[in-house]
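Subject: Handover of a structure and its findings

Dear colleague,

I am passing the following structure to you for your records.

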Amino acid sequence: MALFRRGAKDRTAEQETESTEVEDVVEELPSADVAENPEVPENPAASDDGASVPVDRSAGPWDSTEDIPAGPRIDLGALKLPGIPGMQLRMEIDKKSGTVTGVAVTLGESTLQMQAFAAPRTEGIWDEIREEIGASVTKQGGAVDDLPGPFGRELLARLPVRTPEGRTGHRPARFVGVDGPRWFLRGVITGRAAVDPEAATAIEDLYRHTVVVRDGQARPPRDLLALTLPNADANVKKAEAAPEDNTPSFDPLTRGPEITEIR
């Protein structure tokens, strides 16, 4: 699923990774989340005006330079996530380059996949990206609604999938996005939280309490802000300091392309 439209000369292997990551998260959902005609909850705040309005980020997501409430967080480089008991963390890695391209967090029957991108200093990119995602979903035979949500405008998509019985079904997914200072944070909510407002509360709080760390390098808009494996540096330093210790420890660098951490 092509999420960003660029010229042919700009299409790289990294973009192909971005396209498959959303589909990977969707395909891994339990089959119970597939329905031939899924019911979509109505948003009482919905309006006919599809224009975005500035999002109040005083409650998050935050930039690393802002006044951030204290609390335990998982340091993933470009993103710092709140630590929530029972959360399962999976890092998505480009096998060719070894770059960590995204993170997927599962809470109960819901999953939130996040990626951070560079953005222009003076304007956001969510309006344009939202339009491109909608066109891509529709082209693949799915359906999409542009609705107001807790983070401003969002897309409620019904992605085409094949049911275990061989029929064509649709799997719901919510695409959310927030424009920050020189960054854009995209989230894809799948599973129960995509259709159940009560189940969505914890996932939305996770997204809201995320901190984006934008480095000082000049980057073109939509350039992926690479993540790092959790506690990777700490584990390496520990191994160098105590090589005689044979006690097994969590080392993400040896766990392959997908890392799962249960908080």
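The notes below cover the strands, the aromatic pairs and the salt bridges.

This is a predicted model, in which local features need pLDDT of at least 70 and side-chain atom pairs count only at pLDDT 80 or more, while totals for chains, interfaces and linings use all residues. Residues are numbered from 1 along each chain as its sequence is written, and side-chain values use heavy atoms, with hydrogens and water left out.

Helices (H or I, at least four residues) and strands (E, at least two) are DSSP runs, numbered from the N terminus. Two strands are said to pair if DSSP finds at least two bridges between them. Buried means under 20% relative accessible area, exposed over 50%, and partly exposed in between, with a 1.4 Å probe and protein chains only.

Strand β6 comprises residues 110-118, and nine of the nine are buried, so the strand is largely enclosed by the rest of the structure. In a regular strand, side chains alternate between the two faces of the sheet. Both faces of β6 are covered: one side carries S110, L112, M114, A116 and A118, the other T111, Q113, Q115 and F117, and all of these are buried.

On one pairing, β6 meets strand β5 (residues 100-107) in the antiparallel sense over five bridges. Within this pairing, V105 stands opposite L112 of β6. The two strands form a hairpin with two residues between them, and G108 in the turn has a positive phi of about 65°. Strand β6 is also joined to β10 by nine bridges, again antiparallel, and there A116 has L185 of β10 as its bridge partner.

Strand β5 also pairs with strand β4 (residues 88-93), to which six bridges join it in an antiparallel arrangement. The bridge partner of R90 in β5 is A104. The hairpin of β4 and β5 has six residues between the strands, and G98 takes a positive phi near 80° in it.

Strand β3 (residues 79-82) runs antiparallel to β11, and two bridges join them; L79 has V212 in β11 as its bridge partner.

Aromatic pairs

Rings of Phe, Tyr and Trp (its six-membered ring) pair if their centres lie within 6.5 Å; planes under 30 degrees apart count as stacked, over 60 as edge-to-face and the rest as tilted. The structure holds three aromatic pairs. One of them is the stacked pair of W126 and F184, at 5.5 Å centre to centre with 25° between the planes. This pair links distant parts of the chain, since W126 belongs to helix α2 (residues 126-139) and F184 to strand β10 (residues 183-191), 58 residues apart. W126 counts as buried at 3% relative accessibility, and F184 is buried with a relative accessible area of 0%. Together with F117, these two residues, W126 and F184, form one aromatic cluster.

Salt bridges

A salt bridge is a side-chain nitrogen of Lys or Arg within 4 Å of a carboxyl oxygen of Asp or Glu. The structure holds 15 salt bridges, including that between the side chains of E128 and R222 (3.1 Å, N to O). E128 lies in helix α2 and R222 in the loop between β11 (211-212) and α4 (232-241), so the pair ties together parts that are 94 residues apart in sequence. E128 counts as partly exposed at 43% relative accessibility, whereas R222 is buried at 7%.

R158 and D145 also meet through their side chains in a salt bridge (3.1 Å, N to O). R158 is in strand β8 (residues 152-162) and D145 in strand β7 (residues 143-149), 13 residues apart. R158 is buried at 16% relative accessibility, and D145 is partly exposed at 32%.

E154 forms a salt bridge with R174, their closest N and O atoms being 2.8 Å apart. This pair links strand β8, which holds E154, to strand β9 (residues 168-180), which holds R174, over 20 residues of separation. Both E154 and R174 are buried. Finally, D127, R130, D146 and R153 are linked in a network of salt bridges.

With kind regards
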